[in-house]
Amino acid sequence: MEGLKLAPALLLAGTLGLSLLVGMASRTRKGEYYLVSGRSTGRMGIGAAIASNWMSAASFLGIAGIFYLQGYMAFAYVVGWTGGYVLLLILMAAQIRRFGKYTAPEFVDARYDSPAARCVSAVITILITLIYCVAQYKGIALVFSWIFGLDYTSSLLFGTSVVICYLVLSGSLGASRNQQFQYGILILSFIVPLMVIAKELGYFWVFPQLGYGQALCDLASSPQGDSLAPWTSGTPYQWMALCFTLMVGTAGLPHVLSRFYTVPNLRDARWSVVWGIFFIGLLYWSAPVYAILAKISEGHSSMVPTPEAAHAMADIIVIKAGEWAGLPLWLIGIISVGAIIAAFSTVTGLLITGAGAFSYDIYYRLIHPDATEKQRMVVAKATTLVLATLVVALAANPPWLIAQITAVAFALAGNTLFPVFLLGIWWDRTNKYGAIAGMVTGLIITTSALLLGQSVPLIGTLLPATSSALIGAPLVILVMILVSLLTPPPPKEIRRFLAEEVHGP
Amino acid sequence: MASEQDPTSRKDDDYRVNFFRPREGFMRQKVRYTWILLISWAFFTFGFQFLLVMVQNTPAGDSLITKTVIFGFPLHYWFSGQFLIVWFILLCVLFNVFVDHLTKLYRKRK
């Protein structure tokens, strides 16, 4: 390990401080009604908010890493994480908005009218939060390790304490996140260094996203002889299963549309999704370029890493690409700070969601219904800390890549929450028994590959942990339909609400 | 066209919501559009991968498609890495145009 890199460390401290200041400025300017003031930002602004909410270490570091190791297979992530928005928009978003319940446990409770179902969905939400956070922590630890020259474990602990301090500080200062500002920082810190790298290596640098075809072709004809064939690192089944899983997983995490639900005008909300996908696309068009240009640099210096070494540095290949192309340290520092900001904001959002699911949906609604506001706050804060610590333990030694860990969270969402939302919205006959049976089946399917994948090879092949929803989601939907038909229909009041309010013109 | 039927003519206690048998009027129109979009979504995303498998000459997937170069890219890289995102954006635009049109139509009739 090399020592502390001063320029990136200063940049990081400066950016975190600046985003706290901007957050406080947004609060004082817009007051408490920050979230409702969507109209003034316009559709493009809401789209930027959606995109900044979405961008995590998986987008920022993970996709390039997968692309570096697996080539065409990585497009399953790119396509899955953008195509999922189409599914969410055309099938569910407007209806969820009309329902007025935006978190999974709240929706489940309102639609299925069952504390048990609410509890199961809250547990699933917490599980998703944990897995998703592990991936972010891995990203934070790797980048901290690069900046501060520490080993992985110390970086993990250091990074975690910075996350918690940041969370507490922004909470006590009442800083609201200015998501447009954040999107601007993220996308610039991703694309500007990329342009410089492309220029250094002699490729079309104005739009490296459009110009890396030349680099691809150079790579294919280089002495390394990297194959560009589509199925070199995975079968067509694996590609499609992964892609489908990420799509339904995205649709099963409706909070990814956050601002969609709080913008006063539904029409603005719908159109803002177009901007949202475009802004997310900007990042996804660019991520593979990092991996390709890193490979080109490797070829120039004819240093070919061993598979183990390649695997170890895949998740920070965006940083390595900068180093190998000979970028100045401060410019590489910008990339690393972007990655940290993306991971931080995702972790903050996730921890708050997970803590909310426990303190409100489980503790308040189930265990202790007459808890005061203050007690609930204490439980929420304690849960945040417990979750944050739990994630550290889980992230201590993850053998998987960031994008793969994230994909497991999406598989879980796609196998459980997606069917519950989909049928809940599109079939009035779905009842609580169906929902509970479906979510439990989905949990079993998702975990089966993790638990049994080694001993039963067929499960490992058909239901890989990252991609189990191609078979899992339809199976769960089937279970939900069968169980619902065998048990009494849901109350008339709910069906009336669904037919007239949710699906009205 | 189904839109010419009166959307309020259904029985008051018919609360059917079923994607495969939508009620007449607004919902049936909307579901029809949703089907069109869903099919174009699946056809382009997964249909292209099936095509790659069908024409492949080697197990790794080398074929005429992967040898074709378009805008400087091998065709399959261009399609999955660049075009599909553009296509998704287009689908969302189409969806919004459809729904804007339907909402205008049915809000007026009420």
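Analyst: Axes here are lines fitted to C-alpha atoms, for helices over the stretch in contact, and angles run from 0 to 180 degrees between N-to-C directions. Helices (H or I, at least four residues) and strands (E, at least two) are DSSP runs, numbered from the N terminus. This is a predicted model, in which local features need pLDDT of at least 70 and side-chain atom pairs count only at pLDDT 80 or more, whereas totals for chains, interfaces and linings use all residues. Residues are numbered from 1 along each chain as its sequence is written, while chains are lettered from A and ligands numbered from 1 in the order in which they are written.

User: Why are helix 3 of chain A and helix 13 of chain A called oblique to each other?

Analyst: Helix 3 (residues 57–70) of chain A packs on helix 13 of chain A at an angle of about 50°, with the axes 8 Å apart. Angles under 35 degrees count as roughly parallel, over 145 as roughly antiparallel, 65 to 115 as roughly perpendicular and the rest as oblique. Helix 3 and helix 13 of chain A are therefore oblique to each other.

User: What is the handedness of the crossing of helix 3 of chain A and helix 13 of chain A, and which residues meet there?

Analyst: The crossing of helix 3 and helix 13 of chain A is right-handed; a crossing is left-handed if the near helix is turned anticlockwise from the far one by less than a right angle, and right-handed if clockwise. From helix 3 of chain A, A:Ser59, A:Ile63, A:Ala64, A:Phe67 and A:Tyr68 meet residues of helix 13 of chain A that include A:Tyr290, A:Ala291 and A:Ala294. Two residues are in contact if their C-beta atoms, placed from the backbone, lie within 7 Å. By class, the contact of helix 3 with helix 13 of chain A has eleven nonpolar, one polar and one charged residues. Ala, Val, Leu, Ile, Met, Phe, Trp, Tyr, Cys and Pro count as nonpolar, Asp, Glu, Lys and Arg as charged, and the others, Gly among them, as polar.

User: At what angle do helix 13 and helix 15 of chain A pack?

Analyst: Helix 13 (residues 266–300) and helix 15 (residues 317–324) of chain A pack at about 40°, with their axes 9 Å apart. That angle makes helix 13 of chain A oblique to helix 15 of chain A. Helix 13 of chain A passes helix 15 of chain A in a left-handed crossing. Among the residues making this contact are A:Tyr290, A:Ala291 and A:Ala294 of helix 13 and A:Ile317 and A:Trp324 of helix 15 of chain A. The residues of the contact of helix 13 with helix 15 of chain A divide into eight nonpolar, one polar and two charged.

User: Why are helix 3 and helix 18 of chain A called oblique to each other?

Analyst: The axes of helix 3 and helix 18 (residues 402–426) of chain A come within 7 Å and cross at roughly 120°. Helix 3 and helix 18 of chain A are therefore oblique to each other. A:Ile402, A:Ala403 and A:Thr406 in helix 18 of chain A meet residues of helix 3 of chain A including A:Ala57, A:Gly62 and A:Ile63. The residues of the contact of helix 3 with helix 18 of chain A divide into seven nonpolar, three polar and no charged.

User: How many helices and strands are there in chain A?

Analyst: Chain A has 22 helices and zero strands.

User: What makes chain A as compact as a globular protein of that length?

Analyst: The radius of gyration of chain A is 23 Å, close to the 23 Å that the globule rule gives for 505 residues, so chain A is as compact as a globular protein of that length. The radius is taken over C-alpha atoms, and the globule rule is 2.2 Å times the number of residues to the power 0.38.

User: Why does A:Tyr152 count as partly exposed, and why does B:Phe71 count as exposed?

Analyst: A residue is buried if 20 or more other C-beta atoms lie within 10 Å of its own, exposed if 12 or fewer, and partly exposed in between, with C-beta atoms placed from the backbone. A:Tyr152 has 18 C-beta neighbours inside 10 Å and therefore counts as partly exposed. A:Tyr152 lies in helix 7 (residues 152–173) of chain A. B:Phe71 has 11 such neighbours inside 10 Å, so B:Phe71 counts as exposed. B:Phe71 lies in the loop between strand 1 (69–70) and strand 2 of chain B, and has a positive phi of about 50° although it is not a glycine.
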